[in-house]
Amino acid sequence: MDMEKRDCSAEEFFVQRKVLDELHLDEVAQKGTWSTKPTLGEQMKESLRCSVPRLKRAVLSWVPVLSWLPHYSFRENAIGDLISGCSVGIMHLPQGMAYALLASLRPVYGLYTSLFPVLVYFIFGTSRHISIGTFAVISIMIGSVTEKLGPDSNFMGNGTNGTVDYDRRDAFRVQVACSLTVLTGIFQILLGVVRFGFVVTYLSEPLVRGYTTGSACHVCISQLKYLFGVKPARFTGPLSLIYTLVDICRLLPETKVPELVVSLVALAVLIVVKEVNDCYRQKLPLPIPIELIVVIAATIITHFCGLTSKYSIDVVGEIPSGLKAPQAPDVTLFSDVIGDAFAVAIVGYAINISLGKTFGLKYGYKVDSNQELVALGLSNTVGGFFQCYSVTSSLSRSLVQESTGGKTQVAGVISSVIVLITILKIGSLFEDLPKAVLSTIVFVNLKGMFKQFMDVPTLWKTNKVDLLVWLVTFASTILLNLDLGLAVSIVFSILTVIFRTQLPRYSILGHVSGTDLYLDTDTYKEAKEIPGIKIFRSSTTIYYTNAEMYLEALQEKSGIEIGKLLTQKKKRDAKLKRTQEKEKKKAKKEAKKQNKAISHLSNGTFSNESEMNERRVSAGQKRQSQGNGVESLTETPTNGRVNWAYQHDVTVSDSDSDTGGHINTQASHSGDEEKATHSIILDISTTSFVDTVAVKTMKNIFRDFGEIELDVYLAGCQACVVEQLETAGFFSESIPKSRLFVTVHDAVLHILHKLGRGDCLLDLSCTTQM
């Protein structure tokens, strides 16, 4: 059958339609033409052709390593990634063991945490330069939970000496940390899947920096017990940090001098060499791995000098060789750690994405915030099954990875290989490593966080609201602990945004001579108000929290007390109505008397007298109606029209209603009319959306000001705002779209043209002279 379109008769039409139905083809068109419909097989082929590229894009977006690893350039990147990976791997060893103590876990779990999550992030991450692994803030957050759920008092032995069963305690704390880590990863994955990466925008930079600074204080105080060799009591809840510090000070007379000496020596060496690294980082091909050198030296000295047996120096202890089989977390603990897990998820992601975007902006590549959530969540979830605790990026390791030539996450894989070799072969050699040395490594790495105290004078000079956020976050973190402190700081930060939108800056705009600019008259002396026109602007969006204040500010700035003027108008209308009724009654009585007295007169005479009565009534009405529009109430005769808005003390008493008062306004000269406010322009260019309350407020402004014969115009509406106003039914016969203008200048020109002031249309500079 010929499948080309052709005209057909009515009989052929039905024949063709039957054939088309049998072949599953398209129906015949109404004009006598027919076309084919793809068969099921053809449809499947077409859908496959459409879905395969889409599937490929989806896979590449969810597994970014597939997009860049096949194009990896060994010539350009291999050497840099190799050197960078070795440098970062060397840093992972001491930091992993040291930060594990912050999490109240054995050091080997810090090594596990430096291995598995790094490999997962290599597959799913989008940043090329950050180093995933242990971090002080996250470690201390994990430690607060493990100590809270697994205190020493729950694992006291049955013996008479009441010693703690450390093996059972540590095993339970590992279960708590793993359960917390898996739940943290689940939260992050779910937030990433629903594209909720923007949640980090609620954590402003002052908040994050204040929180990490407060967390650094927690880390510092938690490590003092290792430096002095004391065992303070454990405190929980608000002010626990203060109680711990006081208890450590109380135990200072019991300080173990050997451990203090070891700590001071290690601390001095670390500080000096790190300063050398900073001063000569441009000249040194690689930073001196002083942390690893100190760890190795301290282990050797402690082992061969017998410091453990002679001076009872607390050491790391057994580090098992080899990897442990994956183990499912204890889901019964989820209900106990759900709040802490969400806090760790948000804080870890905030640190990770801020650091990732910094490097992405520096080197010109995109870091997907939602994919970072998924990558970090998978790193935590998978790591939790391998007895790792929560991870995020580390600033110190990331800077080393970038400065030593790292170009991709291949450097992370190389660092993982070094950690893996350590776990499998040489981890047991660090069993005699003093914990005091690990604590000094933590102290030295807090330098960058303590430098954030310099934010205070900077914010004092630049933005005091951000300074307030920083201080409140820091104080709440110190006094209320990490979890509650984070919640309080987020709430306070959001409140500052709400207060700023509730208390915006309102201004009256004036025209800058010779331009089409309209600026705040209080700020710019060059801006002069246009007589008779008030241009009002708010510095923020108008919505339900500030709509009422917007109306109040409009009345205050423009000097127009709408409520007072409406009351005066109602009183005048009521007085006019009473006067009219009295005049009508009086006219009827006089008409009846005149009808009886002059019934003998002709109809012509009666008609003349009726006209005289009507004129008398009309004259009374005219006297009562004087002063409508934008004229003001005065107690003495005036030669011009005065705006009611500037007559704040004028009232209409009952005596005035009865006697007609002393209201006396005369026709004003043209020059005085221009000085009376007759038009108001609302510049809403800063408004990005309107809600029902804002729309209602706008309607009330148009209605109320219209009742006192003031014209209201809108200027600077964004397209989305206009659409929202149309949807809300804002425009009507009383508020036509002709009141809407693109710019303030257009609205001003329209008003001047309407008033017939054509001489000012081309050069508004004349308005300043009027």
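Colleague: Which residues does L446 touch, not counting residues up to four places away in sequence?

Modeller: This is a predicted model. L446 is among the residues with the most contacts inside the largest nonpolar core, which has 106 residues. Leaving aside residues up to four places away in sequence, L446 touches A136, A216, V219 and C220.

Colleague: Is helix 7 parallel or oblique to helix 8?

Modeller: The axes of helix 7 (residues 136-149) and helix 8 (residues 166-193) come within 9 Å and cross at roughly 130°. Angles over 145 degrees would count as roughly antiparallel, and 65 to 115 as roughly perpendicular. Helix 7 is therefore, relative to helix 8, oblique.

Colleague: How do the residues of the contact of helix 7 with helix 8 divide into nonpolar, polar and charged?

Modeller: From helix 7, I142, V145, T146, E147 and L149 take part, and they meet F172, R173, V176, A177 and L180 of helix 8. These contact residues divide into seven nonpolar, one polar and two charged.

Colleague: Is S312 buried or partly exposed?

Modeller: S312 lies in the loop between helix 13 (307-311) and helix 14, and its phi is positive, near 55°. Its relative accessible area is 46%, so S312 is partly exposed.

Note on methods
Residues numbered from 1 in each chain as written. Predicted model: local features only at pLDDT ≥ 70, side-chain atom pairs only at ≥ 80, totals over all residues. Heavy atoms only, no water. Axes fitted to C-alpha atoms, helices over the stretch in contact; angles between N-to-C directions. Helix = DSSP H or I, 4+ residues; strand = E, 2+ residues; numbered from the N terminus. Parallel < 35°, antiparallel > 145°, perpendicular 65-115°, else oblique. Contact = heavy atoms within 4.5 Å. Nonpolar A, V, L, I, M, F, W, Y, C, P; charged D, E, K, R; others polar. Core = buried A, V, L, I, M, F, W, Y, C linked by side-chain atoms within 4.5 Å. Buried < 20%, exposed > 50% of the residue type's maximum accessible area, 1.4 Å probe, protein only.
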